[in-house]
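Walk me through this model, please.

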Protein chains: 2
Amino acid sequence: MGKNWDGLKTRLEEIRAVEEALILFEWDNETLAPAGAMGLTAETVEKLSGIYFRMMTDPRLDECLKACRQETLSVEQQAVVRETEKKREDLVKIPREEYEAYSGLTARAASVWSKAREERNFDLFAPVLQEILQYRKRFASYKAKEGQALYDVMLDEFEEGFSMEKLDRFFGLLKGEIVPLLRQIEEEGTPCPADFLKGDYPEEKQEELGRFLAEYVGFDFRRGVMAVSAHPFTTALHNHDVRFTTHYDSFLDHSAFSVIHESGHGIYEQGIGDSITRTPAGEGASMGMHESQSRFFENMIGRSLAFWEPIYPKVQSLFPEQLGNVGLEEFYRAVNRVEPGPIRIDADELTYSLHIMVRYELEKGLVAGEIRVEDLPGLWEEKYEEYLGVRPENVSQGVLQDIHWSQGSIGYFPSYALGSAFAAQIFARMEEEMDVEGLLKNGRLDVIREYLREHIHRFGKMKTSRELLKETTGKEFDPSFYVNYLKRKFSRLCGLNR
Amino acid sequence: MGKNWDGLKTRLEEIRAVEEALILFEWDNETLAPAGAMGLTAETVEKLSGIYFRMMTDPRLDECLKACRQETLSVEQQAVVRETEKKREDLVKIPREEYEAYSGLTARAASVWSKAREERNFDLFAPVLQEILQYRKRFASYKAKEGQALYDVMLDEFEEGFSMEKLDRFFGLLKGEIVPLLRQIEEEGTPCPADFLKGDYPEEKQEELGRFLAEYVGFDFRRGVMAVSAHPFTTALHNHDVRFTTHYDSFLDHSAFSVIHESGHGIYEQGIGDSITRTPAGEGASMGMHESQSRFFENMIGRSLAFWEPIYPKVQSLFPEQLGNVGLEEFYRAVNRVEPGPIRIDADELTYSLHIMVRYELEKGLVAGEIRVEDLPGLWEEKYEEYLGVRPENVSQGVLQDIHWSQGSIGYFPSYALGSAFAAQIFARMEEEMDVEGLLKNGRLDVIREYLREHIHRFGKMKTSRELLKETTGKEFDPSFYVNYLKRKFSRLCGLNR
């Protein structure tokens with residue numbers, strides 16, 4: 001180990017400590033902090049962000065990085081240097097005051113969003129969203145290459161190498177294949193009754209099921225926490241402190257699959273190598289890759305018949321009155337019912353990406369200046385009508401349902417659809433390499449998890465999502481795996497002749 | 001406002017942000033963080049402490065403070081400058097590496113203590129305590145004036161102006177008056193049966209009662225949070241985010257009075273003025289004054305008959321089976337039963353300060369080097385036998401019961417007894433100024449709270465605890481108020497002829 005590396009390490013540990021403080025504040029704001037605290041706490045977040053910004057843009061960090069380039073570094077160290085440089089280069093282009101003010105704004109925005117959502121009043125949130133949008137556009141403009149569209153800059157932040165051109169093709173394929181499939185299912189498919197999933201499912205029992213499922217798929221509670229928030233999410237201080245939330249309503253499957261989804265994120269974070277956790281290389285490879293893991297556990301694993309086979313008696317024992325007379329096959333069909341609705345996080349597997357398509361098109365228009373913030377609620381309704389055939393009853397079920405924009409995440413949503421597609425491609429390969437169904441029937445989640453840890457999780461950002469996908473599946477990204485997976489699964493499930 | 005003040009303000013806001021991050025990490029560690037996180041998170045705390053230390057000892061802060069002294073400052077601003085200087089002067093004497101290492105050590109120590117306590121194994125904790133003790137002694141030696149005993153330095157940190165000389169006199173008085181009173185009560189007092197307080201009190205119901213009591217005494221949940229931890233405590237990010245914890249066992253009164261106690265701390269923190277919160281002047285005047293407020297609410301208010309009169313039907317309605325047949329007077333007598341036991345936080349009002357006396361004597365001996373860490377468990381038992389007439393069954397009920405030493409708080413315990421004595425002195429004055437009993441009977445807690453806010457809370461550290469006591473009561477500290485209060489209350493309650 002050279003002394004330049006040691007110097008860099010010391011610097012990065014301090015920076016990481018401030019970053020973790022920011023992560024903890026965000027977690028705390030979403031899960032526990034009292035409503036009245038928001039204003040003063042946003043000031044704290046603003047100041048901490050300023051300290052973080054100053055440390056990252058300190059010219060001495062740059063010198064440190066350059067000096068490290070002269071030393072012989074391990075692969076992990078090289079990744080740390082590379083990822084630190086990337087983060088640094090993005091930040092140095094932004095004036096500090098703008099960065100701080102933006103951080104304070106997003107710290108305050110979550111509570112504004114939450115209030116607007118409660119009161120079903122988009123006008124409360126609109127000015128804040130407008131301001132966030134302006135900041136994101138300005139930040140993107142600082143980074144944009146000549147002629148590069150601002151939304152392309154944003155998309156690239158969450159999923160390197162992706163642009164509107166690629167996503168237009170991807171969503172075009174989905175629109176061309178999934179929308180007609182949905183229509184066909186609605187017209188001629190065998191229904192999957194699911195009335196029994198709605199009812200008197202006490203929150204404590206749902207929580208018990210949630211904890212059981214999270215542990216069953218492999219989330220490690222010695223190194224993790226589960227809590228409740230308005231909008232489920234996962235976050236991590238480091239690979240020994242990974243946290244996710246869920247929410248409870250009267251549908252049993254909503255919280256159950258939300259827990260499996262977030263556990264997928266959590267397992268990714270817990271699987272990141274000890275040598276890179278708490279460094280800029282110790283995060284998920286990309287948002288798309290992160291979502292691929294959560295969607296993989298939620299759908300390819302969690303919505304399969306084989307997954308529930310060994311544990312369904314346990315589920316029944318938790319809810320003897322509600323599920324005692326419901327057979328495994330019936331339960332499996334119910335949790336796979338195709339039922340277009342207004343809420344993304346409660347969506348079925350088939351229509352999920354149509355929810356994303358709506359958001360993608362709106363973000364694209366917003367950033368290009370073709371759509372105004374105040375037009376969002378109306379356009380949202382129209383697009384839901386067009387793609388999903390449903391209209392939200394109010395803005396809280398519509399444009400205000402997601403927390404992402406309040407956090408400044410514009411360009412994030414496409415990761416969900418991409419993640420689902422990555423997941424399908426990984427699943428296809430996994431099925432070639434092992435008897436996934438057999439493993440699930442025997443409760444051997446560990447084998448599946450270990451495969452993902454070995455091929456994906458442990459690398460963090462040491463490899464790009466493109467490299468990981470290529471090395472794991474032997475192929476470049478190919479969305480036809482996803483489309484074929486959906487067509488095969490739902491044609492069979494709904495008894496279609498295709 | 002001068003520009004020097006503005007410069008100081010900016011600096012202090014950044015420092016405070018880092019301090020609040022440390023407060024949040026501590027809260028999180030005690031209430032939620034997964035067990036496996038401790039090691040890595042302690043590194044984070046260590047780094048953040050280092051940043052805090054560097055900011056506080058930065059010579060530019062000193063220049064800023066000196067420049068401010070040249071400007072015309074408001075009373076609040078003067079207090080901020082003074083308190084910042086004090087904190088700074090203490091820190092500059094400590095080498096940074098020692099400060100960081102100590103911060104990491106105490107961040108790790110809580111989990112070691114917690115494990116040792118669970119496993120009833122003092123040997124697990126002893127080496128850590130030894131290390132903490134060495135650090136505290138070294139830090140005290142950096143500050144000590146010539147010839148000043150190290151424990152006197154520590155006592156002064158928590159309660160300015162107090163030393164072993166004064167405390168020996170104070171505890172001497174208690175020993176001379178309270179120990180014989182206790183013996184007399186045990187021999188000839190009318191018993192206060194309290195069997196009904198132990199039993200099947202479900203945790204959710206205890207929580208409901210706790211929330212009700214906290215709100216009833218005036219803790220504001222829009223600006224506060226209640227949670228659960230092994231050891232009840234209160235902390236505050238600022239006056240709009242004040243948090244306390246409680247713990248539940250099978251005795252109803254344990255959690256109920258712990259909640260009222262912590263609410264007293266919380267009300268103090270919520271009452272600190274907006275113009276000084278988030279500054280070094282925006283904390284409680286001293287630990288003794290802080291404890292005076294919690295002990296005041298817990299005992300002078302909470303353990304009075306008049307307090308329960310308007311709300312006892314509500315309490316009965318929460319526990320109809322357990323308390324339906326228990327009258328108000330019976331309940332009042334039960335929660336005031338004199339029952340020496342091994343656990344401080346469950347102690348009755350009379351014997352409470354005897355628990356403190358044990359800790360005071362042990363700390364004194366430890367710091368002077370007359371007592372070795374490994375001798376603590378045995379000495380603990382002997383002193384409990386001597387003063388309270390009880391022997392703890394194991395070290396978890398003995399020397400491991402309190403979290404304080406693991407947090408580095410050596411010299412803190414006497415604040416509890418001092419606080420009780422301050423509270424009695426304030427109570428005596430309050431009774432001269434208003435009909436406290438009448439107010440309580442009418443549920444007018446707001447009048448009492450407002451009196452305390454007006455005379456004490458709002459000032460934060462703008463006045464010393466000595467000034468506050470003098471201005472509120474018209475007298476210097478006089479422990480006879482406390483002794484007389486206890487003698488009067490318990491003679492009456494236990495039907496003694498004195």
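**Sheets and interface**

Chain B holds an open sheet of 3 strands, ordered E1-E3-E2, with mixed pairing. Strand E1 (224–228) and strand E2 (234–238) of chain B stand at the edges, and each has a single partner strand, so one side of each lacks a neighbour in the sheet. On average, neighbouring strands here are turned by 20° against each other, direction ignored. This is a predicted model, so these features are computed from predicted coordinates.

Take the pairing of E2(B) next. One pair to look up is Ala236(B), whose bridge partner in E3(B) is Val242(B).

Now move to chain A. There, 3 strands form an open sheet in the order E1-E3-E2, and the pairing is mixed. Strand E1 (224–228) and strand E2 (234–238) of chain A are at the edges with a single partner strand each, so one side of each is left without a neighbour in the sheet. Neighbouring strands of this sheet are turned by 20° against each other on average, again with direction ignored.

In chain A, look at the pairing of E1(A). E1(A) and strand E3 (residues 241–246) of chain A pair in the parallel sense, over 5 bridges. Within E3(A), Thr245(A) is the bridge partner of Ala227(A).

The interface comes next. How many residues does the contact take from chain B and from chain A? The contact takes 40 residues from chain B and 40 residues from chain A. The size of an interface is often given as the accessible area lost when the parts come together. Between chain B and chain A, the buried area is about 3000 Å². Carbon and sulfur atoms give 64% of that area. In chain B, Glu14(B), Leu40(B) and Lys47(B) lose the most area to chain A, together 18% of what that side buries.

Which elements give two or more residues to the side of chain B that touches chain A? They are helix H1 (3–31), helix H2 (38–57), E1, E2 and E3 of chain B. H1(B) supplies the largest share of that side, 11 residues. By class, the residues of this side divide into 18 nonpolar, 9 polar and 13 charged.

Conventions:
Residues numbered from 1 in each chain as written. Chains lettered and ligands numbered in written order. Predicted model: local features only at pLDDT ≥ 70, side-chain atom pairs only at ≥ 80, totals over all residues. Heavy atoms only, no water. Pairing = 2+ DSSP bridges. Helix = DSSP H or I, 4+ residues; strand = E, 2+ residues; numbered from the N terminus. Axes fitted to C-alpha atoms, helices over the stretch in contact; angles between N-to-C directions. Contact = heavy atoms within 4.5 Å. Buried area = accessible area lost by both parts, 1.4 Å probe. Nonpolar A, V, L, I, M, F, W, Y, C, P; charged D, E, K, R; others polar.
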